[in-house]
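Have the coordinates open as you read.

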Amino acid sequence: MQSQSIQIRKGIFQGDSLSPLLFCIALIPLTNELNRSDCGYQVHGTERKISHLLYMDDLKLLGRNENDLKNEIKIAQTISKDINMNFGLEKCARICLKRGRVQSKMHEGNTFENDIKVLDPRKAYKYLGIEENFDIQHKNEKEKLKKEYLRRLRLVLGTELSGQNKIQAIGSLAVPVLRYSFGIVNWHQEELQKLDRKTRKLLTIHGQHHPKADVDRLYVLRKQGGRGLMQLEAAHAVEITKLVEYVDRKEDPVIQVVRTHQHNTDSAVLQTARYLKTEVQEKQEK
């Protein structure tokens, strides 16, 4: 049953619980048109083309060549104009790659796509909180994440909260900075072990952990007699194991593409998850 036409006189309100849903509904025509455009990359081992990635208002367009990208930008421009949504051009960037190398190409004419700046190969842009260029900048991203984690950790430890509340605040404010990147940024066990040692050292400096106290008890849940601190190495293991299980179980077409890509490239996340699963099974058998 079709409803009567709805006259939209105002936009959605920030903070309203209904706003995210309305926003996503408004963008359905955009993702449908991009999927029908026959643009994008043909993923090896599948029949599906990936023309874009879209999460809320973060849109990434993917094209095989300049013409593909031009057509996709035109579709995005048309749809956004139809729903009265403006592009934040100052946050947009474009980059052309051929066999892993950045290609510089002159764009002639005063067209909308030419208003989008070309991304400097030495710089990066942020997509869903992670800095990327032609690939994720793993080294730079890890340094920034570690710096922010330690900043928040020192901030919490410098407060007058009780010991229990400080541990809870670390788990709520500091650990999520790193946890969000698990499965996206390639973390090594040695790096996380080093950060765990740094955490314990800062706890000791601020009088929250005795140098000769049992380390294992620090990470045991409070209801089991421990201190309840979240161990970064353990959090990483849980996060990527759940991520790989989700990718293996989900039947969504895009997730299937991710699964195919992971198995074809034998990704670092997949390798680590396999290793952790084997390690857990061996411990259970013993």
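A residue counts as buried when its relative accessible area is under 20%, and as exposed when that value is over 50%. Keep in mind that this is a predicted model.

With that cut-off, I240 is buried, because its relative accessible area is 2%. I240 sits in helix 8. Leaving out residues up to four places away in sequence, I240 touches F182, G183, V269, T272, A273 and L276. Take A273 from that set: it's 33 residues from I240 along the chain, yet their C-alpha atoms are separated by 6.3 Å.

Now for helix 6, which runs over residues 189-205.

| Group in helix 6 | Residues |
|---|---|
| Buried | L192, L195, D196, T199, R200, L202, L203 |
| Exposed, on the other side | E190, K194, K201, I205 |

The buried set in helix 6 is L192, L195, D196, T199, R200, L202 and L203. They cover an arc of only 160° around the axis, so they lie on the same side of helix 6.

What covers those buried residues? The cover includes helix 4 (138-157), helix 5 (163-179), helix 7 (215-218) and helix 8 (232-249). That last one is also the helix that holds I240.

Past the end of helix 6 comes G207, with a positive phi near 70°.

Technical notes
Residues are numbered from 1 along each chain as its sequence is written. This is a predicted model: local features need pLDDT of at least 70, side-chain atom pairs count only at pLDDT 80 or more; totals for chains, interfaces and linings use all residues. Side-chain values use heavy atoms; hydrogens and water are left out. Helices (H or I, at least four residues) and strands (E, at least two) are DSSP runs, numbered from the N terminus. The expected span of a helix is 1.5 Å times one less than its number of residues. Buried means under 20% relative accessible area, exposed over 50%, partly exposed in between (1.4 Å probe, protein chains only). The arc is that of the directions from the helix axis to the C-beta atoms. Contact means heavy atoms within 4.5 Å.
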